[in-house]
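Trainee: I have a chain open and want to go through it with you. Can we start with the surface?
Mentor: Go ahead.

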Amino acid sequence: MKTKKILKWLAISLLVLLGLLVAIPLFLEAKIGPILKNNVNKSINARFDFADADLSLLRSFPNARVSLTDMVIINKAPFEGDTLFKASEAYLVMGISELFKGEGEPIGIRELFVDGADLRLKVDPEDRANYLIALPDESPATAEQDSEGFTLDLQEYRLQNARIRYEDLKGGIQFELSEINHNGRGDLSLEQSELQTHTDARISFFMDSLQYLNKNSLQLDALIGMDLETDTYTFKENTGTINQMPLVFEGSVRLTEEGQELDLQFKTPDSDFKNFLALVPEAYSGNLEGVATTGQFNLEGTIKGANTETRIPGFEILMQAAGASYKYPQLSKGVSDINFKAALRNQSGQSEDTWLEIPGASFRIDSDVFEFSSTIRELTTNPRVKAALKGSLDLGKIAQTYPLESDPGLAGRLQMDLQSEFDMEAVEKRNYSRIKTSGTLSAKELRFESASFKDPVNIQNAALSFDPATARLQQFSGRLGQSDFSLTGSLRNYLGALLSDGLLQGNFELNSQKLVVSDFQTPEATEAGQGGEPAAAAFKIPANLDLVINGRAAEVQYDKLPLKEVSGELRIHDQKIEFREVRSRALEGSLSLNGELNTLQDKPRFDMNLGISDFKISETFKAIELFRTLAPIASILEGRLNSTVNLSGALTDDFSPDLMSLGGKVAAELLTSEINGRKAQVMQALDSRLEFLNMEKLDLRSLKTALSFENGRVQVKPFTIAYEDIAIEVSGGHTFDQQLNYKAVLNVPSKYLGPEVNKLITQLNDPSLQGLTIPVTAQIGGNYNSPQVSTDFSSGVKQLGDHLVALQKQRLIDKGSEKAKSLLGSILTGQQTTTDSTATGGAAEKGIGGILKEVSGTTPKDSTAPKTSTGEQVAKKAAKDLLGGLLGKKKKDTVKTAKDSVQ
């Protein structure tokens, strides 16, 4: 019985404890978040925040675990809004008693874990640092103030997938540690302790336009002795690797009020030359396993002195190789007689006194020897450079001695003998009196493959000579695909462009027997034009170019357009190409071009003015897609064409016009032309609706027209063409996908209206009837290859009837109102008056009424009979019947029609 009670109380206790472990976090979560934010924000000149805080007493029992997500520290002025630090997740482990401390009491942290940390350190051009955010404590310290914040009783910490970036905009320095995975173990609550750490990362270092390290692999195992009383950290047992090169180091770092006091030494543990190859990033050097090396390589360095806001520690880093060689097992040749010395030094502690010296470096591949030397002083301010290059090199042997990721098909012989001495300020200001450069560079039978071209580039001969101001291209001839080229000229400010993105200026003469534009397009662009994926990046002209090229080519092939005797000037500047007075023979005529191609925007844009003279029309529409789009109907013409074209728009990745972006105007004049109406569905449709027309007999000689286009639509300025003595007025437009919306108005002369109407017109003998025409409208819609043609003659018929009746009425009115009523009744009813005085006029009136009666096929009825047609209705019906033949209808026997109509 007693045992059951004990078990019962134990079960109850466990349930209560478990309930507390679950319930306490629910009550404290609302408290721990504000406490953390308040304690951090009170001590920094920045804003600390996080998305969510979670408290658990189970995950790290018997300790409490506080988890934070999406932490961020945002700078205040002068870096307002900049992110100094962010992390996707972090958790802190502390004793449970720490959760019950008041807002001003310190919180002891035992473990720390941070995932996805990103620390962005920056010094702006005014030498202000964004990381100096700790608020100064200007009031006298009190026990209460001393207790605020956090205490580090850390036993373990870990950083996962972190990144640290440092950018000094004033000093031109960029440093980055990426892909950081770091952990440490130790008791930081003791005044003297040891911290065991392990670090994996990639290191990059960029200074004054030079990339010294580029994502080089870094590993470090360090045992660090910590003396928290003197703030001294001593490296005891430490080994590491940069890329695949091993290093050992020792020394100490002591924190001071002004900064740090450093005393460090490092060196390679042995003198194997393979250690030097390990400095090259693995992506370029490949796996060094099995590489045969000879000779020695040594790397050692010291860093000693104070690091403060006004000075840097002195340092000396030495590298030396002697009698070295290497050969990869999978390659046929090796590099031998490798000798060099290099030293990077600063002895004064002032950054401007940093200098690099390479008194000599050389290597040999077979019988080819290459030598180099250089000294660069004042690295961080105004670098003063003295360098020399001399040697010859068979470029085809590079792939036989060094593992390249992809073989560029490099071949040819390179020879150089160059000397240069300058400072960067002189280069930037083009002060050539302080620049001493001389020498030559030449290449023969140079060949290489590039992703930019589908065919290899072949340079038969190239020769450059240098002086301080100018690089002279004395010879440069070669082939690419079907194209040949020969270039001579000069470049100015070549050092400024090479070393500091200065403006590269030049003048060249280009000559060619044949240039095929597609040879200079990327394979991706060519495939995109055939339905493949477009190129990934838009073409951009470098902003630091100002080049003038005067060119001549016997033949240029642009898409399907062959050009002959091409000449003109190209100026490349401000990220655009200007075409000036470009002229050529083409399509049995001549072509002129002025305009520009501008790559400043995301998509290249062009603005061109074309002058076309005496082009053969049929060949023009076969060769130039633009003309097929703007005037598809003109493809049926045979003859010659003069035109001026202004067009602008964007280019696609394959450098063809983006049709939906096109805008512009075209003016065209047809010289001699013929039509084969059966070539186009539109002409066949018109033929079927207007049988009296033969489209092949249209007179298009000296036709002048104009059109404009924008947003995928073409609008044609109204123009008139002739068919024998019928004037045809054409207006309307179409879309780029050839949806038609045109109107053709045929002004049909009276002679086509039949003998009765012509006799009636003669009898009326009115001047206004001279040259009388009836408008017949043809509406053309649908698609160009499946057109829809409808005709409208009702308006013309109504116009004819109204006009004839109005003339007759006016004549009667002129003779008197009483007489008019009598005569008008006689005319309209077809009856004859018995008045003698109307005999002369009555003959004409009887003629009009009789003609209309006979044409309409009706018998005169009593004027009182119901539903009797008026004279106006009869005239309109007569004109309508007469026009039937014009619109493809067969005229029926009028008498039979009349009979049928009354049955």
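Trainee: What is the average pLDDT?
Mentor: The chain averages 78, and 77% of the residues score at least 70. pLDDT is the predictor's confidence in each residue, from 0 to 100.

Trainee: Where else is the pLDDT below 50?
Mentor: Residues 10-24 are one such stretch, with 7 contacts in the model beyond near neighbours in sequence. Residues 141-150 are also below 50, and that stretch has 18 contacts beyond near neighbours. A contact means heavy atoms within 4.5 Å. Where pLDDT is low, the predicted coordinates should not be read in detail.

Trainee: Back to the whole chain. How many helices and strands does the chain have?
Mentor: There are 17 helices and 39 strands.

Trainee: And what percentage of the residues count as buried?
Mentor: Of the 903 residues, 40% count as buried. Buried means under 20% relative accessible area, exposed over 50%, and partly exposed in between (1.4 Å probe, protein chains only).

Trainee: What share of the contacts is between residues 24 or more positions apart?
Mentor: Such pairs account for 54% of the contacts in the chain with a separation of 6 or more.

Trainee: How many cavities of 30 Å³ or more are there?
Mentor: The count comes to 3. On a 1 Å grid over the protein atoms alone, a cavity is a set of points where a 1.4 Å probe fits but cannot get out, and lining residues have an atom within 4 Å of a point. Grid points are joined across faces, edges and corners, and a volume is the space filled by probe spheres set on the points.

Trainee: What about the largest cavity: what volume, and which residues are closest to its centre?
Mentor: The volume of the largest cavity is about 840 Å³. It is lined by 40 residues, of which Ile-633, Ala-634, Leu-703, Phe-719 and Val-730 are the closest to its centre.

Trainee: Which strand gives the most to that lining?
Mentor: Strand S33 (residues 663-675), with 5 residues.

Trainee: How does the lining divide by residue type?
Mentor: Into 38 nonpolar, 2 polar and no charged. Ala, Val, Leu, Ile, Met, Phe, Trp, Tyr, Cys and Pro count as nonpolar, Asp, Glu, Lys and Arg as charged, and the others, Gly among them, as polar.

Trainee: What does Glu-509 touch?
Mentor: Not counting residues up to four places away in sequence, Glu-509 touches Ser-486, Leu-487, Thr-488 and Asn-550. Asn-550 is 41 residues from Glu-509 in sequence, with a C-alpha to C-alpha distance of 5.0 Å.

Trainee: And Ser-178, buried or exposed?
Mentor: Ser-178 lies in strand S8 (residues 173-185) and is buried, because its relative accessible area is 8%. Leaving aside neighbours within four places in sequence, Ser-178 is in contact with Ala-162, Arg-163, Ala-201 and Arg-202.

Trainee: Last one, backbone geometry. Which peptide bond is cis?
Mentor: The bond from Ala-77 to Pro-78 is cis, with omega near 10°. Pro-78 lies in the loop between strand S3 (63-75) and strand S4 (83-95).

Trainee: What is phi at Asp-231 and at Asp-574?
Mentor: Phi of Asp-231 is near 55°, and phi of Asp-574 is about 50°. Most residues other than glycine have a negative phi, and most peptide bonds are trans. Asp-574 sits in the loop between strand S28 (561-573) and strand S29 (576-586).

Note on methods:
Residues numbered from 1 in each chain as written. Predicted model: local features only at pLDDT ≥ 70, side-chain atom pairs only at ≥ 80, totals over all residues. Heavy atoms only, no water. Helix = DSSP H or I, 4+ residues; strand = E, 2+ residues; numbered from the N terminus. 1 Å grid on protein atoms, 1.4 Å probe; cavity = no way out; pocket = protein on both sides within 12 Å on 5 of 7 lines; lining within 4 Å.
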